[in-house]
2 protein chains.
Amino acid sequence: MKIGELARVTGANIETIRYYERIGLLPEPQRTAANYRSYGEAHRSRLAFVRHSRDLGFTIEEIRSLLDLSDHPERDCGEADRIATGHLEQVEAKIAQLEVLRDELARIVGRCRGGLAGDCRVIEALGNHRMCESHHA
Amino acid sequence: MKIGELARVTGANIETIRYYERIGLLPEPQRTAANYRSYGEAHRSRLAFVRHSRDLGFTIEEIRSLLDLSDHPERDCGEADRIATGHLEQVEAKIAQLEVLRDELARIVGRCRGGLAGDCRVIEALGNHRMCESHHA
DNA sequence: ATGCACCCTGTAGCAACTACAGGGTCAAGG
DNA sequence: CCTTGACCCTGTAGTTGCTACAGGGTGCAT
């Protein structure tokens with residue numbers, strides 16, 4: 001299959017596929033006589049792994065390690081679990097941080113009663129951290 | 001006050017302050033005889049506004065608009081409210097998205113019972129979206 | 001032969017910084 | 001007087017994970 005079809009079946013963008021190849025996440029595929037990239041099932045599956053991991057928020061470097069484990073079935077699974085657990089913790093931390101922001105923003109937005117910028121509570125609050133209830137980031 | 005002191009009192013990084021000046025968020029300050037930047041209270045307050053807004057997750061362009069309103073007290077406050085409300089909605093959307101990821105990750109991580117990578121449920125799940133319960137991003 | 005969809009390489013851009021390299025300034029201590 | 005150290009300057013390149021060209025080639029149908 002050519003790159004366009006691989007893009008269609010995986011939902012990835014063509015440029016992204018070439019980018020993954022360039023940074024070594026995907027192996028260089030064979031080429032047709034016309035120098036077109038030619039992919040098989042192994043490539044499709046590897047790209048699906050990468051896209052799925054990216055959708056779950058793993059970084060490229062984390063995915064590199066996960067793929068490496070996947071390529072060496074004799075290794076210990078603990079590393080994969082460690083990466084995933086670490087990532088889960090980061091996601092949880094990010095959620096917690098965004099919730100603080102959300103509450104602070106909601107408080108600020110709720111103060112607007114319309115009128116002129118000079119009297120605006122929103123702008124005033126942005127200039128003055130002491131008006132905040134919590135110590136967001 | 002010189003740039004180092006401004007950085008200390010606002011918690012911003014020196015390079016970031018110069019960056020804000022370069023992109024026009026902060027006005028060019030006066031210079032001392034030695035060509036050092038020299039800041040006053042107006043700069044401090046403007047930088048505090050910027051840092052606070054960034055901490056709340058506003059983009060540089062949103063902050064540019066907010067600063068513009070702050071510089072024109074006779075304008076309507078509605079624009080500030082519109083920006084803040086829009087941003088709040090984005091934060092809420094991001095939280096919702098991360099919560100889906102978190103649940104999916106927790107499910108994947110929970111499957112690991114140790115052992116070899118070849119049998120690893122974590123790696124298997126990453127390669128296979130059909131094992132997911134929800135349609136995360 | 002010409003239009004069109006597809007493919008190629010290589011480079012530049014995005015956000016919002018951060019990190020140098022390579023230099024100047026200034027006050028205190030020996 | 002000289003050096004050491006802390007500070008400041010400009011300008012450029014790197015970060016992450018793509019995305020968007022520019023400028024060209026290929027392959028098939030009309």
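**Entry 1: the two copies.** I am working with a predicted model. I began with the interface. Of the interface residues of chain B, 100% are also interface residues in chain A, so the copies meet through the same surface.

**Entry 2: DNA strand C.** I listed 20 residues around DNA strand C; A:Gly4, A:Arg18, A:Arg37, B:Tyr36 and B:Arg54 come nearest. By class, the residues of this surface near DNA strand C are eight nonpolar, five polar and seven charged.

I then asked which elements supply at least two residues each of the surface near DNA strand C. From chain A I noted helix H1 (3–10) and helix H2 (14–22). From chain B I noted helix H2 (14–22) and helix H3 (41–55). H2(B) has the largest share, four residues.

I looked up contacts of both kinds. The side chain of A:Arg31 has an N or O atom 2.9 Å from a phosphate oxygen of DNA strand C. For a base, I noted B:Glu15: an N or O atom of its side chain is 3.0 Å from a base nitrogen of DNA strand C.

**Entry 3: DNA strand D.** I repeated the search here. Of the 20 residues around DNA strand D, the nearest are A:Thr16, A:Arg54, B:Gly4, B:Arg18 and B:Arg37. Sugar or phosphate accounts for 76% of the atoms of DNA strand D within 4 Å of the protein, and bases for the rest. I counted eight nonpolar, five polar and seven charged residues in the surface near DNA strand D.

I checked phosphate oxygens of DNA strand D against chain B. A backbone N or O atom of B:Gly4 lies at 2.7 Å from one. For the side chain of B:Arg37, the N or O distance is 2.7 Å. For the side chain of B:Arg31, it is 2.9 Å. Elements giving two or more residues to this surface are H2 and helix H3 (41–55) of chain A, with helix H1 (3–10) and H2 of chain B. H2(A) gives the most, four residues.

Key. Residues numbered from 1 in each chain as written. Chains lettered and ligands numbered in written order. Predicted model: local features only at pLDDT ≥ 70, side-chain atom pairs only at ≥ 80, totals over all residues. Heavy atoms only, no water. Contact = heavy atoms within 4.5 Å. Near = heavy atom within 4 Å. Polar contact = N/O pair within 3.5 Å; in protein donor to acceptor, adjacent residues only side chain to side chain. Nonpolar A, V, L, I, M, F, W, Y, C, P; charged D, E, K, R; others polar.
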